Amino acid sequence: MNRRPFMKLVSALAIASALAATAASAENIRIGAVAPKTGPLAGGATVTQWPSIYLWVDQVNAAGGLTVDGEKMMIELIEYDDQTNPGETIKAVQRLATQDDAHFIIAPYGTGLNLAAAPLFDRYGYPQIAVSAITDQQADLSAKFPNMFFTLGTTTALAADVVNVLSDMRDAGQMGDKVAMVNVADAFGIELATAAKPLFEEAGFSIVYETSYPLGTQDLSPVIKGAAAAEPDAFVAWSYPPDTFALTEQAMIENLDVKAFYTAVATPFPGYGARFGAAAEGVLGAGGVNPESPAFMEYAAAHEAVTDSKPDYWASATTYASLEILAQSIEAVGLDRAAVTAHLKESTFETILGPISFDENNSNADFWTVGQWQGGVFRGVASRGRDGTVPVILKDGWK
Amino acid sequence: MSLTGTDVRNLCLAAFAFAICALLPFGDNGYWLGLGVTIAMFTTLATSWALFSGPTHYISLATAAFFGVGTYVTGLGIDILPFWSLVGLAGLIGAVLAALVGLATLRLSGVYFVIFTLGLAELVRQVITWVQNNTGQKGLYVLTDLDEAGIYWWLLGLAGVVFLAGWLIGRSRLGFALRIIGDDETVAAHSGINTARAKVLLFMVPGAVAAMTGAVLAPRYVYIEPSLAFAPILSFQVVIMALLGGASRLWGPLVGVIPFTFLLEAVSSNFPNQTTLVIGIAFLVIVYLLPNGFVGLLDQILHRVNTREAS
Amino acid sequence: MDILITGILLGGTYALIAMGLNLQYGVARIMNLANGEILVAGGYFAFIAYTAAQLSPILTIFLVAPVAFVLNWLIYRVMLQPLVNRAKNRGQLETDSILSTFGLSFIGVGLMLSFFGGDYFSYSFMAVPVELLGNTYGANRVLSFVMAVLICGALYIWLNRSRSGLSIRAIATAPASARLVGIDVKNLSALAFALGGAVTAVGGALISTYLTLDASTGVVFTLKALIIVIMGGVGDVRGTIIAALLLGILETVVASLLDPGLTLAAAYVMFLGILLFRPQGLFGKKPT
């Protein structure tokens, strides 16, 4: 990530807090954040999580801070790199809770790290508004960790909506029923593939090619060649960032002739569109947003202005929304964590994604599931309860 | 086995020290206990590592592989078997795996061993993901009632076992044989010592211990998935801590674990982006400044003091 | 047939990665575990040159090579020479150099993270299909293979036909004897180390044309390079090339016919197999 805007942010914060300190000797709200800056998930967190956090802190402090009990309080961000190591996440959360006296802690990045931190959030009573924790076990988890909230959806929903999108295309006569399905052999990839396979079969698709590959495989041409040999109508890859890019490039080289091409994580990254340009047209991916919504466009512009990087078209906005939710709760009931947690369970929040509320499993039921690159923008084409879906287009070659 | 007066005194002191350490959870239930867990974990790992790599000078990077296997044993068995049996089972599996690795590589030179262990964690991770993939099983949830204090006491107990084992091995024929091997392997072979067998037997110790440590820590991670359970950085951290303290004494690694844990803690808190850099610098410090660790430094100082006294 | 060619192309990549390490380990006797980071650094260089200045990677490598050469030469002189001087036997030098280059590797990763962040970086260069014997392959891979052949070929000719190359091979075979015949072991070792670093960096620049890298991916490449160098026999260029090709073909075969999830397992099995039956590697000399 580019350090310069961060220096701008730091100096802005320094000045702002100096001013605030002289103006009204108010204490700051200490908000802790722990996420990967190094290690395997650093790439994802650098695109999706950290910039939205910096943007939020910058904006809130530029407006004078949050209003707590009638007084304005500025946010002081305390950040740690957990090196994609759950042991470090645990240590950092403990440090934030006991040494740094954080009022609130932003949820970590990724399912594994969120789960490692969950017992601690629970023990110290911090609400954990998780974003990048996608799991089917939300009922069990929220029973065990009542402070844990889920915003980005369930594994099954994500997989099911891909099946639905493809079914619709097939029923409209746009393509046949042969699917090639591959997945990265890492937890999320395996979960998605395991959820999707029976759904595909139930929907009447035949899976003509199926394989998995380890994370970090350098050469994915055997995978694409194998898929091409089976002559599928659709190619679905439950993939992670490095293989999302590699598979797409291989498909371009092989000129994979499919009517639908789906790669999962990182497809909504601005870097994906930048790298593949016109060839990305029609590629489906996990997540999505409504990029035409004024709220998102404003968010994206501010994101780029403050952090010198573009947001992705999926989890970035949800991360920001989770922080909006936290801010609204704090302004509503103050800094008492139990009160905030109770408030989170009962209320509906207005965010850049639209209204968000949590059901009896602490889960947000309205989320985006599938998006597609259309005209250089990744647009949501399927969602549970979100407006602004656009029709799906066919993949037409790789030019 | 005969015990001298010093032996008895040392044993009593050690037992006393352990008893004091066991009181930590009563003093603090949060940050310091967490730090205590980390220190106990690394002490166990580093001391058992040094038991093998100290005498033989073979740098093993396999710790992460065994540790990951241990977490998986707990992850898979938590709903079926009681916790204590899982720890024992993990130790058994770790020992067997170590024996296999040892038989395959310890007859070759030290460099091949290092390279093999460097990728071992990655290899085991890939094999496990492949198995998971073909059985459709995903990440494992370990939801138990075992809290931080419980884990701390388990680790403390394990550390005690490691120290005891190290002490016993040092006094045994195996230990004697290993010291000779470490000094000059050719001499050892010519003296009739089965060097390969000795090395493999000894390598099973850190293998079993690392696996048991992983099994104990699984409840702390809650969610076991391959990329988190097999974090290669763990192997490097263990090596640094053991070498920083000095692998030639039983209590050497402990002397390395404590300062390094605090150092990493300080760096993570204040320079969150520079932890990797610090680890790199630590390696360089070990190689250039402290080739025998703090223990070696201490020996040098004592030697100088003694020679000054003598002259 | 398709599998064979894909495997050979992959092998070309691996040959590049391993060649540099072979020079460093075979001649300078340094097990350079920071090799992967040099490779990634070369890749970053090419990435920045391409995205910021539209400089083709083919030209960038002429910039990368001298910079990497000087950097590695300095590393050898400043950091590794003292270890060489201090080591009483080869085993100790190996241990020391392993630890030292570990430190370098972490520092390398840490520095790259500070400058570039943890993000993945990739760019599309010549990602067009090329037809070879009825199947399509990426032009960027084919180019990388051609460059690998050229570089390895050049190295082979230099090592086997020139006087300095002869000296280098002498050092690799018997350092003590080499000194006796007046070969400047110290300087040539530094030269070999620097050259190895340059080759690795060039390899990194070429690889970045078709692989996605980030600051932390170096270690995977180091591992593969180590396996290849040892399989092929330390110090011999031919061995490295053959081992690299074998590894590439084996991995592709396993990925296509068995399961892509077993490529590393297959590599390890091959590694162990060769070591158990021929510990000096395919082309290595039996230790006396």
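Me: At what angle do helix H9 and helix H10 of chain C pack?
Reply: Keep in mind that this is a predicted model. Helix H9 of chain C covers residues 218-232, and helix H10 of chain C covers residues 237-258. Their axes are 8 Å apart, and the packing angle is about 120°.

Me: Are H9(C) and H10(C) parallel, perpendicular or oblique to each other?
Reply: The angle between them is about 120°. Roughly perpendicular runs from 65 to 115 degrees and roughly antiparallel starts over 145. The crossing is right-handed, and H9(C) and H10(C) are therefore oblique.

Me: Which residues of H10(C) does H9(C) meet?
Reply: On the H9(C) side the contact uses Ile228(C), Val229(C), Met231(C) and Gly232(C). By class, the contact of H9(C) with H10(C) has 7 nonpolar, 3 polar and no charged residues. The partners in H10(C) are Gly239(C), Thr240(C), Ile242(C), Ala243(C), Ala244(C) and Leu247(C).

Me: How far apart are the axes of helix H2 and helix H8 of chain C?
Reply: H2 of chain C spans residues 35-53 and H8 of chain C spans residues 185-207. They pack at about 50°, so H2(C) and H8(C) are oblique to each other. Their crossing is right-handed, and the axes are 7 Å apart.

Me: Which elements of chain C give two or more residues to the side that touches chain A?
Reply: In that interface, 29 residues of chain C are in contact with 34 residues of chain A. The chain C side divides into 12 nonpolar, 13 polar and 4 charged residues. The elements are helix H1 (2-26), strand E2 (135-138), H10 and helix H11 (263-277) of chain C.

Me: Why is chain A as compact as a globular protein of that length?
Reply: Chain A holds 14 helices and 16 strands. For its 399 residues the globule rule gives 21 Å, so the comparison rests on how close the chain's own radius of gyration comes to that, and the value is 21 Å.

Me: What share of chain A counts as buried?
Reply: The C-alpha trace of chain A spans about 70 × 40 × 35 Å along its principal axes. Among contacts between residues at least 6 apart in sequence, 67% join residues at least 24 apart. Of the 399 residues, the buried share is 61%.

Note on methods
Residues numbered from 1 in each chain as written. Chains lettered and ligands numbered in written order. Predicted model: local features only at pLDDT ≥ 70, side-chain atom pairs only at ≥ 80, totals over all residues. Axes fitted to C-alpha atoms, helices over the stretch in contact; angles between N-to-C directions. Helix = DSSP H or I, 4+ residues; strand = E, 2+ residues; numbered from the N terminus. Parallel < 35°, antiparallel > 145°, perpendicular 65-115°, else oblique. Left-handed = near helix turned anticlockwise from the far one by under 90°. Contact = placed C-beta atoms within 7 Å. Nonpolar A, V, L, I, M, F, W, Y, C, P; charged D, E, K, R; others polar. Rg over C-alpha atoms; globule rule 2.2 N^0.38 Å. Buried ≥ 20, exposed ≤ 12 C-beta atoms within 10 Å, placed from the backbone.
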